Amino acid sequence: MSEATPILSSLGLAKAFKGPDGVVRVLESVDLTVAPGESVSIRGESGAGKTTLLYLISALETPDRGELHWDGVNVMKKSASWRARRRGDFMGFVFQAYYLIPELNALENVLIARRLVGKVTPADRQRATELLERVGLKERLRHTGQQLSGGERQRVALARALINRPRLILADEPTGNLDEHTGDEVMDLLLNLTNEEQTALVLVTHNPTFAERTHRHLFLKAGEMQV
Ligand SMILES: Nc1ncnc2c1ncn2[C@@H]1O[C@H](COP(=O)(O)OP(=O)(O)O)[C@@H](O)[C@H]1O
Ligand SMILES: [Mg+2]
């Protein structure tokens, strides 16, 4: 890898939750460094803390200990409003459950992510349309979330994740709700688009075949990252 500043680096991230039966120590000390444009897969048993880690990486949750840097900036030293603003244009998210707004159409769902960081320009509409065409939804731009299949919804979510030209995409079991064939198609799109757009990718997946398609393959176990 080059000497470029990592797009993401975490050092010793720790997180415990207070549950009804006492404290659950989920993450003990997670070190993770991702270079610009690099793709990394993370596997781990259910409950290992993969989703928790993505929340910490995106600073939607605060770690109990440890450091987090986005493109060299120490995130926890910044204000909450700085983090919210920076998160919006620095990161894109793809979730297992898509999280589209069901009443809005595909184009509007993509542009929502743009509207959160600024005014939507004609160039943004153009890019949103192009992204939806690239994920194979040229004929579905005006279909609402409710009128789309699971695979189509996840394709809209991919376009939404990319609209702001993020440096990093976090994907949490993005094919978990899809049948095998549709999951393959969505994974091809995710890997190809992030590659074409030079966007780094952190991919949480249970599927070993998908996991092997990223540049690096990691496991989360006993609260730490294992190569
Ligand atoms: N907000 C929370 N409060 C209490 N416990 C939580 C919370 N979020 C996650 N946990 C617990 O942390 C553990 C890891 O959860 P999670 O990160 O969702 O795992 P994974 O995504 O690897 O399946 C689980 O045991 C879960 O019950
Ligand atoms: Mg999870």
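Biologist: In this predicted model, what kind of crossing does helix 4 make as it passes helix 5?

Modeller: Helix 4 passes helix 5 in a right-handed crossing. The two helices, residues 122-134 and residues 150-162, pack at an angle of about 140°, and their axes are 9 Å apart.

Biologist: Which residues have the most contacts inside the largest nonpolar core?

Modeller: Leu 132, Val 156 and Leu 190 have the most contacts inside this core, which has 34 residues. At least two residues each are supplied by helix 3 (106-115), helix 4, helix 5, strand 7 (168-172), helix 6 and strand 8. A second, separate core has 30 residues, including Val 30, Leu 53, Leu 170 and Ala 200.

Biologist: Leaving out residues up to four places away in sequence, what does Leu 132 touch?

Modeller: Among the residues that Leu 132 touches are Ala 106, Leu 107 and Val 110, as well as Leu 137, Leu 141, Val 156 and Ala 159.

Biologist: What makes helix 1 mostly covered?

Modeller: Helix 1 spans residues 50-57, and six of its eight residues are buried, namely Lys 50, Thr 52, Leu 53, Leu 54, Leu 56 and Ile 57. Just after helix 1, Ala 59 takes a positive phi of about 60°.

Biologist: Why is His 69 called buried?

Modeller: His 69 has a relative accessible area of 19%, and buried means under 20%, so His 69 is buried. His 69 lies in strand 4 (residues 65-70) and touches Ile 7, Leu 8, Ser 9, Asn 74 and Val 75, not counting residues up to four places away in sequence.

Biologist: Why does Glu 224 count as partly exposed?

Modeller: The relative accessible area of Glu 224 is 38%; buried means under 20% and exposed over 50%, so Glu 224 falls in between and is partly exposed. Glu 224 is in strand 10 (residues 224-226), and with residues up to four places away in sequence not counted, Glu 224 touches Glu 28, Ser 29, Val 30 and Phe 219.

Biologist: How do you know that Gln 198 and Ala 222 count as exposed?

Modeller: Exposed means over 50% relative accessible area; Gln 198 has 57% relative accessibility and therefore counts as exposed, and Ala 222, at 68%, therefore counts as exposed too.

Biologist: Where are Gln 198 and Ala 222 found, and what phi values do they take?

Modeller: Gln 198 is in the loop between helix 6 (180-196) and strand 8 (200-204), and its phi is near 60°, a positive value in a residue other than glycine. Ala 222 is in the loop between strand 9 (216-221) and strand 10, and the phi of Ala 222, again positive in a residue other than glycine, is near 50°.

Note on methods. Residues numbered from 1 in each chain as written. Chains lettered and ligands numbered in written order. Predicted model: local features only at pLDDT ≥ 70, side-chain atom pairs only at ≥ 80, totals over all residues. Heavy atoms only, no water. Buried < 20%, exposed > 50% of the residue type's maximum accessible area, 1.4 Å probe, protein only. Helix = DSSP H or I, 4+ residues; strand = E, 2+ residues; numbered from the N terminus. Contact = heavy atoms within 4.5 Å. Axes fitted to C-alpha atoms, helices over the stretch in contact; angles between N-to-C directions. Left-handed = near helix turned anticlockwise from the far one by under 90°. Core = buried A, V, L, I, M, F, W, Y, C linked by side-chain atoms within 4.5 Å.
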